[in-house]
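Let's take a walk through a protein model together. Have the structure open and follow along as we go.

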Amino acid sequence: MPSSRQIGHGLAKVLGIKLDESESERVTRGESVFSTQTADSFVEEPPTVKEVLARIVPSRKGVLDYLLSLFPFLSWIGFYNVQWLIGDLVAGITIGAVVVPQGMSYAKLAELPVEFGLYTSFVGVIIYWFFATSKDITIGPVAVLSTVTGTVISNTLASHPEYEDAPWIISSALAVICGAIVLFIGLIRCAWIVELIPVVSLAAFMTGSAINIAAGQVPGLLGISGFSTRDATYLVIINTLKGLPRTNLNAAIGLTALFQLYLIRFACNWAAKKYPSRQKFFFFLNTLRSVFVILLYTLISWLVNMNHRSKPLFSILGTVPRGFTHAAVPKITTDIISSFASDIPATVIVLIIEHIAISKSFGRVNNYRINPSQEFVAIGVTNVLGPFLGGYPATGSFSRTAIKSKAGVRTPFAGVITGIIVLLAIYALTAVFYYIPNAGLSAVIIHAVGDLISSPNTVYSFWRVSPLEPIIFFIGVIVTIFTTIEIGIYTTISVSFAIFLVRNLKAKGAFLGRVQVHSVIGDHITGNDNQVAGEYGTFKPDPSSSALTRNVYLPIDHQDGSNPGVELANPYPGIFIYRFSELLNYPSASHTIEYLAEYILANTRPTVLNAYKRQGDRPWNDPGPRKSDEQRLNLPTLKAVILDFSSVNNIDVTSTQTLIDIRNQLDRYAAPDVVDWHIACINNRWTKRALVSAGFGYPTNGAHSRWKSIFSIAEIGGSESAAAVAEREANEKEIAVTQTRVEDTEAGLSETIKPSGSSSISAPDSLSKAKLPGSDSRPARRAVVHGVNRPLFHVDLTSALQSAIANVEARDELRRPSEGEDVGASSS
């Protein structure tokens, strides 16, 4: 039987293809085989298509792992305990109370009867927990997606008036089609496409949508009618101002309800700060403010309209059917699909953009990682099955997710508790819903979307990182206000991608010069070219040796084609050097940074080995050490990360935010120790500016605190956000330690140093005698390469490693007197 190689050569001969000579068969003069007499020789072979196929085709274990990954609940349900159940009960009941009024409000945005909001809420929470990789997310009706659905229904009814009496047929078909698309993307594990949507587009989308939704609800809040609230936002605002003389009693209900919502929120936040011991009580009181306001105005409405049921004095919901009266097989025809085909891309984008952003953000905050592809599966299944019970398109809700996180949810099973509460509302409370004022529901919507508007401080943070991105942000918001949400989404994504392409197409390299570089720690200069490197690459004088040595850094997997027989030493226990192989922009940031995190977590152990006294204290995704984890006890703790930016010229808001997120995650992992982030070979001043604005370039010092985000959904709400609450809870569990730092700078010999504004000092005699080629007779002077105000930016990897080791050893030196007091508690 001929081999594949023989078959290939025979086929090439028939087709007249001239094959290149194998590199291993070529006769060389030996210049590149230096070690033929002193070491084993090595001939590099070119990569083959067979290697690529071997990586793509899954193994039997890979197929099994894939099938198990479709049902993540199997990994934690066996460890479920009473303590988890208590946390899930509290969070589930809280969300159940919140989602009932919100769901009915959002159904009105979707141009559907209010009961469809309850159906969608029930299906979302009941199905999601089977497929969830996030414990915090709550799937159900949301303001933006409901608005998009309402727009689709309105446009479709214009061309198909036969569905005017049953608009849910359109919403059900839309949910099934979009859900099937998202489900397919998730099943083939291609959720990386969401990385094509940068953070600035998300911020513009949320801000523009919030303004659009709030403007559309003001007429209902004031009782103004006579024009379409589906027009462009600016037209709605103009028509609302024109209609102010037509306000009626609905305005009294709506404005006072909105005022009370903000009053309760302000009062509870103030009281929580005033009385920290009762913070939890005020949190739940604040969380249920929508329920209190709706119940209060429902009671007022009943007292006012109980004798005016046929002609109420202000607009009320009216009859809400009991049970799943609209449960049916969705009607999907080519006629219906063609009517909203142009809206499918925007609907799919809204389905995934908000959900993935929310789940990633809360995963970082609560120290767990989500699987975006699996979240696609969860969204897809929910939207495919939901319409059978009357659901319309649903995705993750920011407001309810934040409440759920702060309420202390322990596992995704809390969704089942929420589902039971919604089910009770569907069957037992429909009579009460009759008197709910529509103006009160408008107040709930306006209050809910108000937090989604990006603050001026957030936009300023965009400008500090990348001055072009605030322009993209304002373009997206303005386009949304003057056109539609869908066009706004397309605009920001297109402009962001255009800038990304221009930066890549117009990128230029840089010619390099030579300079002798020495590392300075304190007042001591270390490292000369004729010194032997120490055990971990640090330079230590050795008079007995005259060998020339220097450090080089190769990929540990030898994917650059270097000899796999060369054994690479670890830079230092707990210190990792990571070189970016491509640009660090929004399309690639998430993938490359996640690989960084995965490798570090796999090759280190937590500083605190057993921080949980009880099984129920453990996070839902951390059931505890297994027998297979015993070998991890020999792994080092994380001490420092060195990033090689030699391939990176520009970074944007998305990539900077990703670095902040991973820094926060690894800080929690290594707590109570600190993790220093050293960055070498930065080629661009704007890149330095972006990194400095995010907190890089300086040693970690003092007590642990969350690094401030540029834009994070979990941090919406400031000091009362889910991120702030999670940080306070985490800090209560950490050990307070005193940390010190050792600042260092790199110094280099320069041919000429201009005195104006330069940081230069006199060089020692041994250095001043050195002369560079082409220099004049004046003695060379010593000067820092990078600013002393940014001690963790380095000229090369060697100096970065020396600095990292010096900091680690300095901390160890200070900690040695207390060694043995708490084994495994910390290791720097």
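**Salt bridges, a helix and the core**

K360 is partly exposed, with a relative accessible area of 22%; "partly exposed" sits between buried (under 20% relative accessible area) and exposed (over 50%), using a 1.4 Å probe and protein chains only. Before going on, a word on what you're looking at: this is a predicted model, where local features need pLDDT of at least 70 and side-chain atom pairs count only at pLDDT 80 or more, while totals for chains, interfaces and linings use all residues. Residues are numbered from 1 along each chain as its sequence is written, and side-chain values use heavy atoms, leaving out hydrogens and water.

Back to K360. Its side chain meets that of E195 in a salt bridge (2.6 Å, N to O), a term for a side-chain nitrogen of Lys or Arg within 4 Å of a carboxyl oxygen of Asp or Glu. K360 lies in helix α14 (residues 344-365) and E195 in the loop between α7 (168-187) and α8, so the pair ties together parts that are 165 residues apart in sequence. Helices here are DSSP runs (H or I, at least four residues), numbered from the N terminus. E195, at 13% relative accessibility, counts as buried.

How many salt bridges does a search of the whole structure find? The search turns up 8. Another one joins the side chains of E111 and R230 (3.0 Å, N to O). E111 is in the loop between α4 (82-109) and α5 (115-131), and R230 is in the loop between α8 and α9, so this pair ties together parts 119 residues apart in sequence. E111 is partly exposed at 36% relative accessible area, and R230 is partly exposed too, at 25%.

Now follow the chain into helix α9 (residues 233-242), where T233, V236 and T240 are buried. They cover an arc of only 60 degrees around the axis, which puts them on the same side of α9; the arc is that of the directions from the helix axis to the C-beta atoms. Over on the other side, L241 and K242 are exposed. The buried residues of α9 pack against α8 (199-222) and α21 (468-482), with contact meaning heavy atoms within 4.5 Å.

Last stop: the inside. The largest nonpolar core has 153 residues, and F205, L643, F645, W677, L691 and F696 touch the most other members. Such a core is a set of buried Ala, Val, Leu, Ile, Met, Phe, Trp, Tyr and Cys residues joined through side-chain atoms within 4.5 Å. Apart from it lies another core of 12 residues, among them Y572 and L797.

Notes:
Helix = DSSP H or I, 4+ residues; strand = E, 2+ residues; numbered from the N terminus.
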